[in-house]
Amino acid sequence: MTARSDETRLSPSAGSALVSVAMRSIRAQRRRLAYFLMMPSLVVLIGLSIFPAVVSGILSFRVHPLYNPNVARFIGWRNFEDLFDDARFWESIRLTILWAVVVVAVQMVLGFLLAVLLDRKMRGIGLLRSLIIIPVFISPIAMGLTWRFIFEPVTGLANWFVSQLGFEKYSWLSHIDTSMSTLMIVDCWQWTPFVALILLAGIQSISPEVTEAARLDRVRGVTYYLRIILPLIRPVIMVVILLRLVDSIRIFDLVFITTKGGPGSSTLLASVYDYIIFEQGHLGLMAAYGFLILILINIIVVLFLNTLYRTEKAARLEELK
Amino acid sequence: MRQSGLGRVINGLTVLAVVLWLVPVVWVALTSIKPANVINSPTPTFFSFTPTWAHYLEVFERFQFDRAIANSLIAVGVSTFIVIVLALPAAYACARMGLLSGDGWALFILSLRFMPGVVVVLPYFLMANYFDLIDSQLVLIIVYVAFGLPFAVWLLRGFLLDLPREVEEAARLDGLGWLQIIFRIILPMSRSGVAVTAIFTFVFSWNEYLFALFLTYDKATTIPIALQKTIDLYNVLWGSLSAGAVIQLLPMIVVVFLLQHHIARGLALGAVK
């Protein structure tokens, strides 16, 4: 009896200690539960994404001819040395970086312009926004092949249009000098709407007070979009650049189905060259190159996320002041 | 809203931009119903021709589109379903349970989305070969689950962060277990988020090419592989290609119009949150 009344007469600090113990056990229980809920996904991802990547990593240190697996063996860094000695490898890296930089830059600029146009209040704007998303949903295969049809030198729509305007017929995909820029046009056609719609969502999530204040201050038109909107949607812009950059470096389907890296090696982007190495039967070499692409992408992702988080943190500190 | 002259011009510009942007899509749709001689003539014809369904018949008879569509629907449908069932609890754990800072886990999972296909296609090929799964729907389902899951968790987490916590707390007080809360309370409340996530997962696999190319060759081939056969060493059939492309795109367009508002929001969430 006395013991119980003692318990009820515990000092306030001891009471809060009890509460915090209870809280801690609840939190521990929650964490266990969280892992339980995550577990299926984690198992699948480790088994089906990370494990294959590790296998790929191991393969990259082996010679492993597709058509003669009996001679497969460990060869250390030889695959990487072979790659670094290969002029086509360096050419493919150069082209991939050129491709990613140009394509993403064009898509960001055009995408922002398109987003500004789609930001208008007018009848039917909802319909326009839905229509413009269609290119994003077209498969790279269907798109690559139909663009080949449009770029046909003799019967294609593109050359008819060019000659209608009074220009010389253009060689588009079929010449070393024009194939790369033609592919860039196709990629920009597909992905600019994607960039535009995300930026549009960013623009529309800006609080109405800001836009109202800008209106009262008579900040309008170009100044409004460059001085007010652009800085406010900076985080969204960074994320879109990251997504597009990674996908541009990884690009395979479109290039493979239209030019297969040609003519010559004018469109030999990294993934396509990697596939050609596979076709030649050098599985170890293919894995090694794949791994280098993965490292390149990871460097970019880490750099980007770092700057993104730093700016976000800075913004938060700014708010606290 | 007051419309100045300039405003009208910009409105017109907006419409023009969208219409011009879609010219290639319209052109392909028109090509799919043109007779072959019209398609191959050097001067393009826009509307003055007698429409024909010949190309649509051809893709089914000659390029086995019926089988390709069935294969795509099975592989993509089943994998999308599995992805959602797996992703919902994981996204919930990331969004609500303060798991080692949910952000860290979510970022880790998202980073797997950046895996280039060429890095893992070879191990998949070797493993599928080892387990005798080449040219089966099962192997495609496995691949599409692996590749769909990271983005699905990321996207769903964004939607779940938006839900009010009170409802869940009330449900917990009523004595519902976590799985019950997730599938009986959260799932109905985040219907549009789940729908958008399912669509993006579906589209990705529906359009996927590299893995289908490596892991199937006959029985289990999907639409992109069948489409590719209309333009290869043996055929250059622009009409059949266009018909096939329309068939592949049509379900996507229907979905876009059914869920237009949600899709833009989903795109933004996936990128922003």
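Visitor: Hi! Is V25(B) buried, partly exposed or exposed, and why?

Guide: Hi! This is a predicted model, and in it V25(B) counts as partly exposed because 19 C-beta neighbours lie inside 10 Å. The cut-off for buried is 20 or more.

Visitor: Where does V25(B) lie?

Guide: V25(B) lies in helix α2 of chain B, which covers residues 23-31.

Visitor: And how many Å separate the C-alpha atoms of V25(B) and L249(B)?

Guide: Those C-alpha atoms are separated by 9.9 Å, with the two residues 224 apart along the chain.

Visitor: Let's stay in chain B. Where is M189(B) found?

Guide: M189(B) is found in helix α10 of chain B, residues 178-189.

Visitor: Which residues is M189(B) in contact with, leaving aside its neighbours within four places in sequence?

Guide: Those are L163(B) and V167(B). As for L161(B), its C-alpha is 12 Å from that of M189(B), and the pair are 28 residues apart in sequence.

Visitor: Why does M189(B) count as partly exposed?

Guide: M189(B) has 17 other C-beta atoms within 10 Å, so it is partly exposed.

Visitor: Zooming out, how many helices and strands does chain B have?

Guide: Chain B has 15 helices and 0 strands. Its C-alpha atoms fill a box of roughly 70 × 70 × 30 Å along the principal axes.

Visitor: What share of chain B counts as buried?

Guide: For chain B it is 48% of the 273 residues. On contacts, taking residues at least 6 apart in sequence, 78% of those in chain B join residues at least 24 apart.

Visitor: I'm curious about helix packing. At what angle do α5(B) and α8(B) pack?

Guide: Helix α5 of chain B, residues 65-96, packs with α8(B) at about 35°, and the axes are 6 Å apart. The crossing is right-handed.

Visitor: What is that contact made of, by class?

Guide: The contact of α5(B) with α8(B) has 25 nonpolar, 5 polar and 2 charged residues.

Visitor: Now the interface. How many residues of chain B are in contact with chain A?

Guide: 73 residues of chain B are in contact with 70 residues of chain A. Helix α14 of chain B, residues 238-258, gives the most to chain B's side, with 10 residues.

Visitor: And what does chain B's side look like by class?

Guide: The side of chain B that touches chain A has 60 nonpolar, 12 polar and 1 charged residues.

Visitor: On to backbone angles. What is the phi of D132(B)?

Guide: D132(B) has a positive phi of about 60°, although it is not a glycine. Most residues other than glycine have a negative phi.

Visitor: Where is D132(B), then?

Guide: D132(B) sits in the loop between α7 (117-130) and α8 (137-161) of chain B. With 9 C-beta neighbours inside 10 Å, D132(B) counts as exposed.

Visitor: What about K260(A), what is its phi?

Guide: K260(A) has a positive phi of about 55°, and it is not a glycine. K260(A) is in the loop of chain A between α13 (253-258) and α14 (270-279).

Visitor: Is K260(A) exposed or partly exposed?

Guide: K260(A) counts as partly exposed because it has 14 C-beta neighbours inside 10 Å. The cut-off for exposed is 12 or fewer.

Visitor: Give me the overall picture of chain A. What is its radius of gyration?

Guide: Chain A has 28 Å, whereas a compact globule of 321 residues would have a radius of gyration near 20 Å. The box filled by the C-alpha atoms of chain A is roughly 100 × 70 × 30 Å along the principal axes.

Visitor: Which domains does chain A get?

Guide: The domain assignment gives domain 1 (2-43) and domain 2 (88-320). The C-alpha centres of domain 1 and domain 2 of chain A lie 50 Å apart.

Visitor: And how many helices and strands in chain A?

Guide: Chain A comes to 15 helices and 2 strands. Of its 321 residues, 37% are buried.

Note on methods
Residues are numbered from 1 along each chain as its sequence is written. Chains are lettered from A and ligands numbered from 1 in the order in which they are written. This is a predicted model: local features need pLDDT of at least 70, side-chain atom pairs count only at pLDDT 80 or more; totals for chains, interfaces and linings use all residues. Helices (H or I, at least four residues) and strands (E, at least two) are DSSP runs, numbered from the N terminus. Two residues are in contact if their C-beta atoms, placed from the backbone, lie within 7 Å. Ala, Val, Leu, Ile, Met, Phe, Trp, Tyr, Cys and Pro count as nonpolar, Asp, Glu, Lys and Arg as charged, and the others, Gly among them, as polar. Domain bounds come from an automatic or database domain assignment. Axes are lines fitted to C-alpha atoms, for helices over the stretch in contact, and angles run from 0 to 180 degrees between N-to-C directions. A crossing is left-handed if the near helix is turned anticlockwise from the far one by less than a right angle, and right-handed if clockwise. The radius of gyration is taken over C-alpha atoms; the globule rule is 2.2 Å times the number of residues to the power 0.38.
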